[in-house]
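Dear colleague,

I am passing on the structure below, and my notes on it follow directly after.

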Amino acid sequence: MSDKVKVGTSKVTFRVRAFDYPQIELASVEVDVPMYTKTDNKLDNMQQGHVTADVPDGFNEKVKDALHVFADTLEASFKEGEGNVEKH
């Protein structure tokens, strides 16, 4: 990312919802994601304007990997609890 500079962060919210109706939100989390812009962006002489900012390279893959870890952890927690369920 040598041709890019960090210009701040943006909050991304991930929500876990279950069921169709009524839909229940089980959890949500906000993540500050760094935002970058190209170093060749120019502002006018009034120091006003806008620049396009992008998420880091590989952002989509990082999100997919994190969701897989979450799903694997959740699934494992159900399997650990299976032996603890009392049968009536």
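Is T37 buried or exposed? T37 is buried, with a relative accessible area of 5%, where buried means under 20% relative accessible area and exposed over 50%, with partly exposed in between, using a 1.4 Å probe and protein chains only. Please keep in mind that this is a predicted model, in which local features need pLDDT of at least 70 and side-chain atom pairs count only at pLDDT 80 or more, while totals for chains, interfaces and linings use all residues. Residues are numbered from 1 along each chain as its sequence is written, and side-chain values use heavy atoms, with hydrogens and water left out.

T37 belongs to strand β2, residues 24-38 (helices, H or I of at least four residues, and strands, E of at least two, are DSSP runs numbered from the N terminus). Apart from neighbours within four places in sequence, T37 is in contact with D3, K4, V5, V7, V51 and T52, contact meaning heavy atoms within 4.5 Å.

Strand β1, residues 4-18, runs antiparallel to β2 and is joined to β2 by 14 bridges, where two strands pair if DSSP finds at least two bridges between them; T13, for instance, has E30 in β2 as its bridge partner. The two strands β1 and β2 form a hairpin with five residues between them.

The loop between β1 and β2 holds both F19 and P22. F19 has a positive phi, near 75 degrees, although this residue is not glycine, and F19 counts as exposed at 57% relative accessibility. The peptide bond from Y21 to P22 is cis, with omega near -10 degrees. For context, most residues other than glycine have a negative phi, and most peptide bonds are trans.
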